[in-house]
Structure formats: C-alpha cells, structure tokens
Amino acid sequence: MSGVRTSAGAHEVAAAVVDPEMPMLTLEDLGVLRDVEVGPDGRVTVTITPTYSGCPAMATMRDDLVHRLADHGYDEVSVRVSLHPAWSTDWITPRGRRALVEHGISAPGPAPRHDGPIALQLTPTRRVVDCPRCGSSETELTSEFGSTACKALYRCTACLESFDRVKEI
Amino acid sequence: MTDHHNAYDGLLGGDASQWAFGTDFEDPLAGVDTTLPEGADAAALAAYCLMLGDDALIYSHRLSEWASNAPDLEEDIALANVALDLLGQARLLLARAAAADPDAVPALPPGSPVPPEDALAFFRDEHAFRNVRLVEAENGDFAVTVVRLLVFSTYRLALVQRLATSRDPVLSAIAAKAVKELTYHRDYAGRWFLTLARGTEESRRRLVRGLDLVWPLHDELFVAHDVERLVAEQGVGVDPASVADEVDVLLEQVFSVSGLERPRLPRTGSVAGGTGRHGRHSEGMGRLLAEMQVVARAHPTGRW
C-alpha cells in the first residue's frame, strides 16, 4: 500500500497505534508520542518518551510503530527516545482520560510538582477519586502499586468493586 | 502464510510482528545525544554511572526475590513494581556508562547480539561491581526488607533530586524520571515502617531487629569514593556526603513517629581498605550474581 508520504500522514498512522497494556488509549492519547517526521529520503523518525524507566511495554510500542507505519508504506522507520522532559500523566489527553473512565480505569489527577525537598508521606495521600463504575466518591486506596507500574489499586465502598487508577506522576 | 512443520519453526527469523515483544534488542538511549559535557572525564562519568546503575541493578534483583514470596498479594506486586522501576533505571545508567566509555564494557565473542548494558550486567565479575553493600545483603524477613528499602530509597531520592541538575543531560534526564519513581518507593517503605512499629509486639520486635541488621551498612552510603568526588567537582555527579544531613532528618522523622531510637551500632568495616564502591563485597553477592548471570553467561551469543 502506498500513499502520499508526508509527516502529517505518518503522524496520523503513528498517532493511531494503541498502548499494548491499555489498548483503549492511543500513544497520542497517552502523551508518549512526541514527534513524527518524514525526511527528504522518505525515512520516518518517530520520537517517544518512556512512561516508566522499566516499563516493558516500551519495546512493544516501538515494534508496533514500525509495523503499523510499514503497513502504510513507510518502510524506513526509526524510533528515537526522548528522555527530557520526563513523561507526566498530565500529558494524557482529555480524550484519553474519557477512554480510561469508559473502560473502568480511573484517570489520574494533576501530577505533583516537586520544588525543593519532597516531603515524606507517612499516611496515604488523600485524593478525591470517583469510582469509574458507579461514580461514587466513597473509594479507598488498596495499594499504590497495581497491575502495571503505572497504576494503583482502589476499591469502591459503595458498589464494592475494585478498580485501577492511573497514578499521577 | 507460513507453513510451520513444527511449533518451533516460527521462533527462528520470519515476521517479528507475531511477537508481543520484539525479538531484537533495542537501544534504550536510541537517538539520545550522548556527547560528553565539556570538562567531563569520560572514564569517571562511566565509573560513576556504574555505581548508580549497580546499586539499582543489584537491589532490583534482591527485591525481585520477593515475587511470589511476599506476605500477601499486594506486597508481592508492590515489591515487584519497585524492582522493575530500579531495573529500568539500571538499564539506562549502564547504557549511559557504556556510551561514555566503551572500554568499560566486557568483550564478548564476535557477533554476539548482547547489548552493552547487558554485557555490563551479566559479564562482569564480582570485583567489577560498584554497588554499596547495603543492596546486596540477603532480604531477611519482610521487616528487614522494609527497613532496607526505607534507608535506600531515602538516600537515592535525595541523590537523584540533586542529580537532576547534572551537567550531563542524559544523567539529568534519567535522574528526573527516577525522582518520580523513588517518591513512591520511599513513601511505601515509610508507611510500612510505621505500620510494623505500631502493629503487634512481634512486628515491632522484628522491625527493631531489622534496624539492627541494616544500620551497620547505612554509613557506607555517604562515604564518597574518589570517582564520586571527581564527578561532583565536574558538575556531572553528586557527592553522596552532601545528602547525608537531609537523609538523616527524614529518617529521624520516621523513627520519632514510630517511637524508635536509631541504633547505636558500629558500621561494617572495610575489606582490605575498600567497600562496595571499590568492588569489595559481602558473602551474599557471589550467590546473587551466580543466579543473576548464569543463563546469560551460558549463552554469550544468545538472543532473547
């Protein structure tokens, strides 16, 4: 398949690639996709920012980007990493946040700002978290570490369901 | 469509898109500008990255031993997640070391697909590891693990916060990311420390015993090696002595809320004048490395 090889065209393809662990989110929704450029030689350079240092999904994201772009006729693709600035959940788009909630995952609040020494939190941080299933705000934290590095585990005391929350970083 | 004669044919070559994970190694610093900042010494920067990377790698391996062994499922997952964050930091730091000084990477047979950061992790011998001895000690029970994680994550968070302004943009970016991760690790350990201190007589007894076991290796964290002093002078690294006061205040906060006194115990002595940063390690290290490295060393040209 071939089409017009433009940066906008390649961007459209790359932006539609979904996160391997949260497939309701595209890489663009997640804020991982930083840049897509097509050089004069037709070579595509995609720039992504890792979510967590050890996130095993990063390798899959790179592979998926290369394969989806190849499907659309972009044969020469390199995926670069941009480490600075570090990824923040603030980069998740409004559409991505809606998609999370629609799929039963609570969307993150604003990421904490770190200026100066970081205070130790010896009690769980109180966050107003609405249950993505029943909407109740009667929820409690079960664990700051959930099914993946990026999620915390909560429980709704109204409908008694457990749910994941993308934790703010 | 490929006609597979047996289930294993598909493992060799062919279309990699059938795999959830790529069959090729990827450079974790792909596209990142690894040029040395002006005035930075390549060998010193690499040696420094090995110190920080080895702390993360060895501790990550220790913590991962809790997988399927923790007191309950939540702690199992939490400790595995902490280990994963540290492994990610280790990978980036070892890759940074290799990019700064390719001579630091052990030589492998020609054609070996093992990337430099893996060569550093799996093909160095014990004396070439530069981690502090605190991280290599055996886990002990959950209380010992909580004490060690509290001490280590408090130290490392203070360190990487300062490192985020390193003149080396790569190290600065790795550190800025690590700040976010370590904040969660330290809070997790601090809360468990308090829970165990205020729990039962038995949990408190175990916590006190944990403190006694971990504390003698605490001082070593803040004793600067020549390399650490040099990179600090060059503006690319942090002198660990400079975070000692901050760490002390934070730990004191946890001790006082828990109603515990800090142990008054002599620090673990050096071995032939050296400590972990000089490649002198304690008994548990050899067994840890044996388990961590055995498969990679058996297949130095293997693809994973």
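Mentor: Start with a definition. Two rings of Phe, Tyr or Trp (its six-membered ring) pair if their centres lie within 6.5 Å. Planes under 30 degrees apart are stacked, over 60 edge-to-face, and the rest tilted. Keep in mind that this model is predicted.

Trainee: How many aromatic pairs does the structure hold over all chains?

Mentor: There are 10. Take B:Tyr59 with B:Phe152 as a worked case.

Trainee: Why is the pair of B:Phe152 and B:Tyr155 called tilted?

Mentor: A pair of aromatic rings is described by two values, the distance of the centres and the angle of the planes. For B:Phe152 and B:Tyr155 the centres are 6.3 Å apart and the planes stand at 50°, so the pair is tilted. These two residues share helix H4 of chain B, three residues apart, about one turn of the helix. B:Phe152 and B:Tyr155 are both buried.

Trainee: Which residues do ring pairs link into a cluster?

Mentor: The cluster consists of B:Tyr59, B:Phe152, B:Tyr155 and B:Phe222.

Trainee: Rings can also meet charges. Over which rings does the charged end of A:Lys167 sit?

Mentor: One is A:Phe145, with the charged end 4.1 Å from the ring centre. Another is B:Tyr184, at 4.5 Å from the ring centre.

Trainee: Let us turn to the interface. What area is buried between chain B and chain A?

Mentor: The size of an interface is often given as the accessible area lost when the parts come together. Between chain B and chain A the value is about 3600 Å². Carbon and sulfur atoms give 60% of that area. The contact takes 45 residues from chain B and 40 residues from chain A.

Trainee: Which three residues supply more than any others of the area that chain B buries against chain A?

Mentor: They are B:Lys180, B:Tyr184 and B:Arg191, which supply 20% of what chain B buries there.

Trainee: How many salt bridges are counted between chain B and chain A?

Mentor: The count is one. B:Arg191 pairs with A:Glu144, and the closest N and O atoms are 3.3 Å apart. B:Arg191 also belongs to a network of salt bridges that share partners. The network joins A:Arg127, A:Glu144, A:Arg165, A:Glu168, B:Asp187 and B:Arg191.

Trainee: And how many salt bridges does the structure hold over all chains?

Mentor: The total is 30. In chain A, A:Arg155 meets A:Glu140 at 2.9 Å, N to O. A:Arg155 lies in strand S6 (residues 151–156) and A:Glu140 in strand S5 (residues 139–143), so the pair ties together parts 15 residues apart in sequence.

Trainee: Are A:Lys151 and A:Asp164 buried or exposed?

Mentor: Both are buried. Their side chains form a salt bridge at 3.8 Å, N to O. A:Lys151 is in strand S6 of chain A and A:Asp164 in strand S7 (residues 162–166), 13 residues apart. By contrast, A:Arg155 is partly exposed at 35% relative accessibility, and A:Glu140 is partly exposed at 33%.

Trainee: What does the salt bridge of B:Arg287 look like?

Mentor: B:Arg287 pairs with B:Glu138, with the closest N and O atoms 2.8 Å apart. B:Arg287 sits in helix H9 (residues 283–298) and B:Glu138 in the loop between helix H3 (116–122) and H4, so the pair ties together parts of chain B that are 149 residues apart in sequence. B:Arg287 is partly exposed at 47% relative accessible area. B:Glu138 is partly exposed at 44%.

Trainee: Back to the fold. How many helices and strands does chain A have?

Mentor: Chain A has four helices and seven strands. From the N terminus the order is α-α-β-β-α-β-α-β-β-β-β. Buried residues make up 51% of its 169 residues.

Trainee: Where should I check confidence in chain B?

Mentor: Look at residues 13–25, where pLDDT stays under 50. The model gives that stretch 20 contacts beyond four places in sequence. For chain B as a whole the mean pLDDT is 92, and 92% of its residues reach 70 or more.

Note on methods:
Residues numbered from 1 in each chain as written. Chains lettered and ligands numbered in written order. Predicted model: local features only at pLDDT ≥ 70, side-chain atom pairs only at ≥ 80, totals over all residues. Heavy atoms only, no water. pLDDT = per-residue confidence, 0-100. Contact = heavy atoms within 4.5 Å. Buried < 20%, exposed > 50% of the residue type's maximum accessible area, 1.4 Å probe, protein only. Lys NZ or Arg CZ within 6 Å of the ring centre and 35° of its normal. Buried area = accessible area lost by both parts, 1.4 Å probe. Salt bridge = Lys/Arg side-chain N within 4 Å of Asp/Glu carboxyl O.
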